[in-house]
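Here are my notes on the model, in numbered points. Please read them with the structure open.

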Amino acid sequence: MTSRNPRDSRLRLVSPRSLATAPRAVTQRRPRRPAPRPPEGTPPPAELARMARTGLSDAARVARWADAALRPGRDTASPDGKGTLSDATAERAAADLGLTPLQVRADWDTARLAGLIEVHGDDARPGWRLRAWSRDDSAVLRGWVALFDAWSLAYPEPLDREPAAVAEVVSAMPQVLSFLQLSAGPVPVDQLLDLLGQRVTELRTERCEISYGPEPGTEPAPEPAEVPDAPLAPLLEWALQALASVGALTYGEGQATLTALGSWAVWVKLEQICVAAQSPAGNIEQSAEDMLRGCGQLRPNAARAEYRAWLAARPVGGAVTELIAAARGEDALTRGLAFEALRVVGAPAEPDVRAVVEETPLRPYALLWLAEHDGYDPEDAHEVLTRAESTWLWVDTAAAVADHGEAPLLVRHLESAVQPTVPALLDEVRAVGHPRTVQVLVALAAAHPDPALAKAVRRAAFQVHTGGS
């Protein structure tokens, strides 16, 4: 005899997984693209990593000193109990390492840009790359590429130049670097200056900074005195010096030449852009929201490749802002994928992610992101969530499955709930107040093959809808 009472069905407890790591209900399989080969003459990855370790040895030395001397609980910890580089800490590091405080600060800044040191609010701690520095060549190369991406921060910009002019040069330098990479040898600075001028002009044209003349029927305004553009030569010199300071090129005697590391990094960036440009959705040209929707049709590894290419084509700060804005939308799948893309961004996204922790829809995602960023194993990161936060995330992920997945996947999603029984899950789902609760419960009731359980879920949906108990 079949019981008509709701069953106290036991749920198998598993660690919650982000939707992006779950099997896709709808998967678009693309032909596998052959692994691209770097330009002829590029050293193998092990040799590139050795070069990067050599170039960043001073920064790694300061990072290891900070790890040993400033870690909380050590007898040698700094008086303020923090990992920040105060004047006293800089002087102490200089004495211990045989450097000047100025050298310590420069190496500290380099370590931060390379991800060897991560700053969280008022505290600094060793980055995961420092832990893997001696054994993981890919971690070393990623650290160097992070420094390469931040070249404009690694060298003081000229104070006597307008910030807008500096920003134009920073935006134009990828084309200059591409030309250097294609040239595969020394290039006269005068030639680079001509190319920089052309690119800056193109950027201004794209912003429509051109005069179209007076409107019909209006008196022409008096022509203003011609103001010459700020000379680009000093700004190009600053950019080349900054790139030389991070080891991307050599600069002297009126010529610039990419180093092996610099040439490889430029090739990596160009390859990422080409991969995105060849994708069916053309994600490189899309907004963050449209890019994420396109990636919702891809397997996790393919989606991460799209995130990397999309990020490579735009400034990191603006990209992070776009991703956070997309996460605030109503589509739960987009929200989950936005935080997967932010995982690809890594440390530069940390301040923005931390800033949204108090926003209820984003809080569970942000807390998981921060936990993984702080070194938690992804399988254990869910432990930082409260029961209510885990339940909210369960409903949000269920909403994504209901909108974009198939019924069997929604039924399997029950297994990821932290509650041990279906009645306990329903009670907490009703209490958590997610705006999609009714739709999720209705979809789950329609999908579940157990009539008694489906009836209990429908009753819970009705109670949420009417405000009853």
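1. Contact, as used below, means heavy atoms within 4.5 Å. Leaving aside neighbours within four places in sequence, L196 is in contact with V169, A172, M173, V176, L232 and L236.

2. On the source: this is a predicted model, in which local features need pLDDT of at least 70 and side-chain atom pairs count only at pLDDT 80 or more, while totals for chains, interfaces and linings use all residues. Residues are numbered from 1 along each chain as its sequence is written, and side-chain values use heavy atoms, with hydrogens and water left out.

3. The protein chain has 22 helices and five strands (DSSP runs numbered from the N terminus: H or I of at least four residues for helices, E of at least two for strands). Of its 469 residues, 43% count as buried (under 20% relative accessible area, with a 1.4 Å probe and protein chains only). Among contacts in the protein chain with a separation of 6 or more, 66% are between residues 24 or more positions apart.

4. L196 also belongs to the largest nonpolar core, which has 67 residues (a nonpolar core is a set of buried Ala, Val, Leu, Ile, Met, Phe, Trp, Tyr and Cys residues joined through side-chain atoms within 4.5 Å). The residues with the most contacts inside this core are L116, W144, M173, L196 and W264. A second, separate core has 62 residues, including Y307, A327, F339 and L444.

5. Helix α1 (residues 45-55) and helix α6 (residues 137-149) have axes that come within 9 Å and cross at roughly 55 degrees (axes are lines fitted to C-alpha atoms, for helices over the stretch in contact, and angles run from 0 to 180 degrees between N-to-C directions). The two helices, α1 and α6, are therefore oblique to each other (angles under 35 degrees count as roughly parallel, over 145 as roughly antiparallel, 65 to 115 as roughly perpendicular and the rest as oblique). On the α1 side the contact involves P45, A46, L48, A49, A52 and R53, and on the α6 side D137, V140, L141 and W144.

6. Helix α21 (residues 437-447) packs with helix α22 (residues 451-466) at an angle of about 160 degrees, the axes being 8 Å apart. The pair α21 and α22 is therefore roughly antiparallel. T437, V438, L441, V442, L444 and A445 of α21 meet A454, V457, R458, A460, A461, V464 and H465 of α22 in this contact.

Definitions and conventions:
Buried < 20%, exposed > 50% of the residue type's maximum accessible area, 1.4 Å probe, protein only.
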